[in-house]
Amino acid sequence: MDLRIFTEPQQGATYDTLLTVAKATEELGFDAFFRSDHYVRMGDVDGLPGPTDAWITLAGLARETSRIRLGTLMTAGTFRLPGVLAIQVAQVDQMSGGRVELGLGAGWFETEHTAYGIPFPKEKFGRLEEQLAIVTGMWQTKIGDTFDFHGTYYDLTDSPALPKPAQAKVPVLVGGHGATRTPRLAARYADEFNMPFSSVEDSARQFARVRAAVEEAGRAADDLTYSNALIVCVGKDDQEVARRAAVIGRDPDELRANGLAGSPAEVVDKIGRYAEIGCRRVYLQVLDLQDLDHLELIAAQVQSQLS
């Protein structure tokens, strides 16, 4: 089971804070550092000092880390033109020596679009499908050839489709709860399917839908990695769990029900339940980025039991 650290910087974080967490992620033996792609805070936090851009952040981290994978859950398709995104991700992949992964989603948070003057289209899923086709198609185009795409939302003619990523294939993540279109999209374009913030039972149902869609598309169901993103709140005892829950404004019992919370033994047991349904990777949503002792505890008493 791979454990990855997943951060939500729109809730309040500087680049230096993210760098500190990314370096701890690497030093403590976690598999990857991922971040969200949002420009406005959510919930009852001040979000200070303000947003950081996902791909600018990852470009910096690419030069200041050496082992961990780097990526997004999920890059908002509404934020970037797909041709530009293909260039950005390829460049950051080169900067990292081939450690980048692209999670790409449709975008959903209208408030951040109106706050920063970003168009919020009514039809987002169709755009996402074309974006995935363009980004992956550009990367797959041989050097010297050109790439063309004529869709409903995007039109590319004689694109040199450069630069190329350092990796022969940048892993692409697709995720979500949709019962029909999302599995089909994952089957066509994804290397990994991610189920965000869902129970074991709901995850099992969605994994089954995706596996069926992958097989229908002519691929082996196990061609994809199946993963979950879950909030994490671990403590040596109930008092420490309660303290960490209070810092992020959550109830310990609610966190136990809907995330990975409690003692290391409780969390290991719950991760085991996700493993039983085919989950092979967990993104640990860490909301208090100042609490590096939390990461150390997870590494020492959770990750060590899952290796």
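The model is a predicted one, in which local features need pLDDT of at least 70, side-chain atom pairs count only at pLDDT 80 or more, and totals for chains, interfaces and linings use all residues. Residues are numbered from 1 along each chain as its sequence is written, and side-chain values use heavy atoms, with hydrogens and water left out. Helices (H or I, at least four residues) and strands (E, at least two) are DSSP runs, numbered from the N terminus.

Buried here means under 20% relative accessible area, exposed means over 50%, and partly exposed lies in between, with a 1.4 Å probe and protein chains only.

Now move to threonine 136, which is found in helix α5 (residues 125-140). Threonine 136 is buried, with a relative accessible area of 9%, and it touches Val172 and Tyr189 when residues up to four places away in sequence are not counted.

**Strand β12**

Select strand β12 (residues 281-286), where 6 of the 6 residues are buried. In a regular strand the side chains alternate between the two faces of the sheet. In β12 both faces are covered, with Arg281, Tyr283 and Gln285 buried on one side and Val282, Leu284 and Val286 buried on the other.

Then show the two strands that pair with β12, bearing in mind that pairing requires DSSP to find at least two bridges between the strands. Strand β1 (residues 2-7) runs parallel to β12 and is joined to it by 6 bridges, while strand β10 (residues 225-234) pairs with β12 in the parallel sense over 5 bridges. Centre the view on tyrosine 283, the bridge partner in β12 of arginine 4, and look also for alanine 229, which stands opposite tyrosine 283.

**Backbone stops**

Most residues other than glycine have a negative phi, and most peptide bonds are trans. Go to leucine 48 and proline 49, which are joined by a cis peptide bond with omega of about 10 degrees; proline 49 is found in the loop between β2 (32-35) and α2 (54-64). A cis peptide bond also joins leucine 73 and methionine 74, with omega of about -25 degrees, and methionine 74 is found in the loop between β3 (69-72) and β4 (75-76).

Aspartate 158, which is not a glycine, has a phi of about 55 degrees; it lies in strand β7 (residues 155-159) and is exposed, with a relative accessible area of 52%. Phenylalanine 197, likewise not a glycine, has a positive phi of about 50 degrees, lies in the loop between β9 and α7, and counts as partly exposed at 40% relative accessibility.

Terms used:
Contact = heavy atoms within 4.5 Å.
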